[in-house]
Structures are given as C-alpha cells and as structure tokens.
Amino acid sequence: MAVVDSSGTSRRLFSTSQRSSFTDQDSRMNATFLTECSFGLAHDKLVQVITDVQPFEPYWEELSSIDLSRQSLESVARLKEFMPRLDSLMFGVPGSVRTLSVASNLLTGVTSFSHLLNIENLDISHNDIDSLTQLQCLRHLRELRADGNKITSLDGLQKLEGLTKLSVQGNLIREVDLSLYRWAKLEMLNLSQNRLHQICGLASSLPGLIALNIDGNALEQIEPGGAMPRLRILRASNNRLQTLNVAPFGNVRTLYVDNNFLGGLVKAERLGKVENLSMRNQSCRDFHLPTRQFRDVKRLYLSGNKLRSDFIDEPCYNLIYLEVAACRLTGLPKELARLVPNLRVLNLNYNFLEDVTALEGLTRMKKLTMIGSRLRGTKPLIRVLQRMPEVEMVDVRMNPCTLGWYLPLLVRDVPGALQPSENGDEHEPGQGHARGCGWQELDAKFRSSLPDDVYVGRLGYRGLVMRACPRMRMLDGVEVTEKERTKANHLLQGILSRQAKSIKGSGKSGPAGSSADGGGS
C-alpha cells in the first residue's frame, strides 16, 4: 500500500503478514549473496596479494614458495589452484592460535612449529612428514592428527603429557614402546594401517585410554602389561593374532577382531559388559566360541567362520543383531526363538539352509536376509513372516524359490552381504545406498522384460509377502511402493475371485454329475 507523508513523499507499506512472508526469503537470498560476496572478496584479495608479493613472476604455477605474512588475509582458499607446486608457505600464523589444520599440503619433517606454543588442536594429515620431533615444543597440545604421512616412530611426543587424542593412521610405524611415554590423559589412540609388529606398555602408560584402534597391522599378540579398566573400544582387525587374552579388557563395550587367526577368545567370560563383538573371517582350522562367552552381547558378527547348527545353546536375551553369513550352516539351533527372543536383525546369507521353520516365534524381527540359501518354496516362508508383525525388510534372492524373478547376484552386488555396517542395523550411508539405487534401476529394466507368466508369479509372491507383513518397506532389494501394493492387491483379489467361482462351479456340477451317474447305473 502506498501512502504520502506530511512532506509529500510517497512511501510503500506492507502488512505484518506480507513482511513476514518476505523476511525468510530475503534472509536466505541475503545469506547466499553475502556468502558469494565473501568468497569473491577473499579471492580478489588473494590475487592482489600474490601480485604484490611476486610482481615479476608471470607464471604462478611454477612457484614453490611464497611469503604471505603480514598481508591481512582472511582466507587462502584456492591458493592450491594458483600454485599447485607450492611446498613452502609463510603465512604469519599468530602465536595465539589454538586450532590449526594444515592437512593435505607438502609439509615435511623439518617444518617448524616453535612459534605456535599455544596450539591445542593440530591436524597435519596427508603431508610428507617423516618425523614428529618438531612437535616436542607444543606443551599445550591436546589433539593431534597426523594420518597419511611417512612417520616411522612417535619420537618427539614423549613430553606432551596433555594429549587426549592421537591419530597416526596410515603411516610406517613398526614398533611402539609406550613405556617411554606418560600420557595419563590420553583417551583415544589410533595406530591403524601401519606396519606394527609389536606394541607394549599400554596399561602402564595409558591408564585413561578409552578407545584403541590398531586395525591393519602385523601384530601376532596384544599384551597390555596389566588391566585397562577404562578401555571401552578395542579394534584389532586385519592382524595376525593367533590368541587373544581379553581378561585385561574387562570393561570393553566394543571388540572387533575380524580377519585374524583366532580359534576363539581366552577368558572371554570376563567380558561382562561387551555389547558389540565381531570375529568375522578367522583363518583357523577350528573356530569355536562358547555361548557363555557372548550371551550378554547385543550385536554379534561371526560371518565367514564354519559354525555348527547348535552354535547357540544358551539364552541370549540381549542379542538384537546376529550376523552369521557364509558360515556353512545346514541348520539352525532348535528353539531359536526361545534362545534369542529379542532378535531384531538376522543375516543368514550364503548358507545351506533349506528350511525356515526354525525362525518361527521370532516376533520382534525387523530385518531378515537369507540370500543365496536353498529355500525351495515360498509358502513356508510366508507362513513364518505372518508371525513377524514388525518385519520391515526381507531378502531371499538367489534361492531356488525366487531365482527366476530377479537378476542374478554376486556378493559385491549386495551391500553388507558378508561385511555389513558396524553401526548395527543400517548400512553405511554412502556406498550402500548408492548400490541399492543402482540395483533398483537394473531390476526395473529386468522386470519390464519378464514374460507375462513370470511377471505375474513375481507380483503374486510379493503381494502375498506384503499382505503378511504390512510394515514391509524393502523386499528382495526392491523398495515396496504404494503403487506396487495396489497392483499386487488387485492381482490377488482377481485370483481369489476366480478360485471362488471355480469352487462354486465345481460344487454345482458335482451333485448333478453324481445323480446322472446314478441314473445311468
């Protein structure tokens, strides 16, 4: 609305509702505009500074060093685009800085940090650093990340007693003697993907350690040298462990030791608080894990190990996730529903199971996968699923009963078929979801080319499963849509109506035929 004030000037007024309707939109537009302006100004400022510092150098991509100190720069974004060969940068970082990330650059072991004595958080990952001795002056350092370098030892960190988090993943460290260190406050230590063949002094030097990751090394044993009561997470997968005494880790909650040579665990009865236990793919002749050693576990991963049919013989009331894929199972434990009454997720992929009756009574099941087994009929499966009111996902592809209805599968086509997510119920957010979308597109093309009778058989089977499981969201790797539900329901209603007419017709003809025969006799 336009009005004229006492001075004769025309002004435009908006009602409160109009102003509020424009406020959010304007704020978003302003935020985007300001962000673009900020990047643009930073870019222009960087170009101006480089021109001032190197006025006689026409080819910036050839420069290997530059001094940008005392230039009042707010950002060095896109510096790598201008100078891809830069290996020496003087930026004039203020000595008061407490957090610094210089990851993915060309820093070396001689880079000096002596002017950053107040720094607390430092990230020097993915550089060309081969030594950490230049960090020994950083007495206030609390968190250090030095992944993906060429570091061969932890020398230089001995006196950093305030460290709480240390990650040196993906380096060249072969041996660690922690008795030389006094890291009483260290809570997280990541030594994964190195070349470790020995680590000692864990208990005496790291009394406060909560999480230890030593995946992907060459360790044959783990001897902490005492109890570690505060340790909650121990990851030691992809090593050469032949025995593992878990008594020192009595309070651990998560224990992952996949891809080793373990036939079992020593003194595992003392793991009274463990919630996640993973022992997949042990390269040993006889793998045996007594039920008493995992009966309090919530999530159990045993894929890739040969198991007997009675691998569970005591009640496991806490177990909600069980993964026993590719375990060469020919049968399941008797009274499985009594042994694991609270089971939510069950992975039985790539076994030799011919019957699903052992699954009866698992009323709290949400996800069931039996890819690549020996199921011959769908009727027993549907009867079992009818007694699983909460089930949301079922996958029985690559069984004789479903073989012609879907594309053939390889292990790599099934996200989590043998190595599912460590988060428990869900697959990894990125890769698994992408593969699932790709599979559905392939399935759509395959389904459109099916002969009519095969297509009707598939739709009828899926419709019966949907009726048995009203909460079904994903069936055999294909998302269940409302359109498919409607189509399958119409198909089943048509089949039932034809069957009813057939039965009614046969009922009428039956007495007539018998009377005619009687008359003839």
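Among contacts in the protein between residues at least 6 apart in sequence, what percentage join residues at least 24 apart? The share is 31%, where contact means heavy atoms within 4.5 Å. The model is predicted: local features need pLDDT of at least 70, side-chain atom pairs count only at pLDDT 80 or more, and totals for chains, interfaces and linings use all residues. Residues are numbered from 1 along each chain as its sequence is written, and side-chain values use heavy atoms, with hydrogens and water left out.

**Whole chain.** Display the protein as a cartoon: there are 8 helices and 22 strands (DSSP runs numbered from the N terminus, helices being H or I of at least four residues and strands E of at least two). Of its 521 residues, 41% count as buried (under 20% relative accessible area, with exposed over 50% and partly exposed in between; 1.4 Å probe, protein chains only).

**Nonpolar core.** Select Leu122, Ile124, Leu157, Trp183, Leu265 and Leu359, which touch the most other members of the 113-residue largest nonpolar core (a set of buried Ala, Val, Leu, Ile, Met, Phe, Trp, Tyr and Cys residues joined through side-chain atoms within 4.5 Å). Helices α3 (202-205), α4 (336-339), α5 (379-385) and α7 each supply at least two residues of this core. Apart from it lies another core of 8 residues, including Leu46 and Trp60.

**Aromatic pairs.** The structure holds 4 aromatic pairs (rings of Phe, Tyr and Trp, the last by its six-membered ring, with centres within 6.5 Å; planes under 30 degrees apart count as stacked, over 60 as edge-to-face and the rest as tilted). Select Tyr181 and Trp183: their ring centres are 4.7 Å apart and their planes lie at 50°, so the pair is tilted. Trp183 counts as buried because its relative accessibility is 0%. Next, select Trp405 and Tyr461, a stacked pair with 5.0 Å between centres and 25° between planes. Trp405 lies in the loop between β20 (393-395) and α6 (431-448), while Tyr461 is in helix α7, 56 residues apart. Both Trp405 and Tyr461 are buried.

**Helix α7.** Select residues 452-468; buried residues in α7 include Arg458, Leu459 and Met466.

**Asp215.** Finish in the loop between β12 (211-213) and β13 (233-235), where Asp215 lies. Asp215 is buried, with a relative accessible area of 8%. Its side chain makes a polar contact with the side chain of Arg235 at 3.3 Å (a pair of N or O atoms within 3.5 Å; within protein, one must be able to donate a hydrogen and the other to accept it, and residues adjacent in sequence count only if both atoms are side-chain atoms).
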